[in-house]
Amino acid sequence: MAHINQSTVTNFRKARDDLVTLLEQQSTFLRHDINSRAYVIPNLRLQLIQHLDIVASLSRKMAVDSRHHPYVLVHQNGFYNSVVPMHCAALKGQCAHLADRLRDNLGTDVLVAVAKLIDQIVANLCF
């Protein structure tokens with residue numbers, strides 16, 4: 001019997017959607033609030049990194065528990081087991097770098113530049 005676990009796929013998709021929402025919120029905060037550094041930097045350093053860990057973990061779990069689910073089968077073998085976790089690890093580095101840019105550069109143009117980079121991250125998510 002094919003091994004399909006719908007709840008694992010649902011959990012991964014929800015975590016991915018939450019990640020996208022969280023990234024979009026940070027971009028919006030940076031564009032609309034000149035004092036947003038105070039809460040965007042901790043979100044980039046802590047909350048987003050924790051959420052990326054959750055997405056990577058759920059991706060690995062989904063690759064095993066739901067390996068015959070159409071959502072998993074649409075990608076090449078190993079995509080959810082290795083590619084998504086590697087992409088999440090790279091995004092953690094990007095989030096830390098963006099937090100550093102916000103911390104080290106106090107100009108208002110940096111807020112918009114970081115917001116644009118976050119928008120590019122969302123647009124280029126591979127999963």
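## Order of the elements

Read along the sequence, this predicted model follows the pattern α-α-α-α-α. The protein has five helices and zero strands; helices (H or I, at least four residues) and strands (E, at least two) are DSSP runs, numbered from the N terminus. Residues are numbered from 1 along each chain as its sequence is written.

## Overall dimensions and contacts

Taken along the principal axes, the C-alpha atoms of the protein fill a box of roughly 60 × 20 × 20 Å. Of the 127 residues, 41% are buried, where buried means under 20% relative accessible area, exposed over 50% and partly exposed in between (1.4 Å probe, protein chains only).

Contact means heavy atoms within 4.5 Å. Among contacts between residues at least 6 apart in sequence, 77% join residues at least 24 apart.

## Helix α1

The expected span of a helix is 1.5 Å times one less than its number of residues. For the 27 residues of α1 this should give 39 Å, and the end C-alpha atoms are 39 Å apart, which agrees.

Residues buried in α1 include F12, L19, L23, S27 and L30. The buried residues of this helix pack against α2, α3, α4 and α5. Why does S27 count as buried? Its relative accessibility is 2%, so S27 counts as buried. Not counting residues up to four places away in sequence, S27 touches A115, I118 and D119.

## Helix α4

The 26 residues of α4 should span 38 Å, and the end C-alpha atoms of α4 are 36 Å apart, which agrees. Its buried residues include F79, Y80, L91, A99 and L102. What covers the buried residues of α4 includes α1 (6-32), α2 (37-65), α3 (70-73) and α5.

A99 is placed in helix α4 and counts as buried because its relative accessibility is 1%. Leaving aside residues up to four places away in sequence, A99 touches I41, L44 and R45. A99 and V114 are 15 residues apart in sequence and 8.9 Å apart in space, C-alpha to C-alpha.

## Packing of α4 with α5

Two packed helices are described by the angle between their axes and the distance between the axes. Helix α4 (residues 79-104) and helix α5 (residues 108-123) pack at an angle of about 170 degrees, with their axes 10 Å apart. Axes are lines fitted to C-alpha atoms, for helices over the stretch in contact, and angles run from 0 to 180 degrees between N-to-C directions. α4 and α5 are therefore roughly antiparallel to each other (angles under 35 degrees count as roughly parallel, over 145 as roughly antiparallel, 65 to 115 as roughly perpendicular and the rest as oblique).

On the α4 side, L91, Q94, L98, R101 and L102 take part; they meet V110, L111, A113, V114, L117, I118 and I121 in α5. By class, this contact has 10 nonpolar, one polar and one charged residues. Ala, Val, Leu, Ile, Met, Phe, Trp, Tyr, Cys and Pro count as nonpolar, Asp, Glu, Lys and Arg as charged, and the others, Gly among them, as polar.

## The nonpolar core

A nonpolar core is a set of buried Ala, Val, Leu, Ile, Met, Phe, Trp, Tyr and Cys residues joined through side-chain atoms within 4.5 Å. The largest one has 37 residues, of which L44, L102 and F127 touch the most other members. The elements giving two or more residues to this core are α1, α2, α4 and α5, and α2 gives the most, with 10 residues.

Not counting residues up to four places away in sequence, L102 touches L30, R37, V40, I41, L44, V110, L111 and V114.

Note on methods
Predicted model: local features only at pLDDT ≥ 70, side-chain atom pairs only at ≥ 80, totals over all residues. Heavy atoms only, no water.
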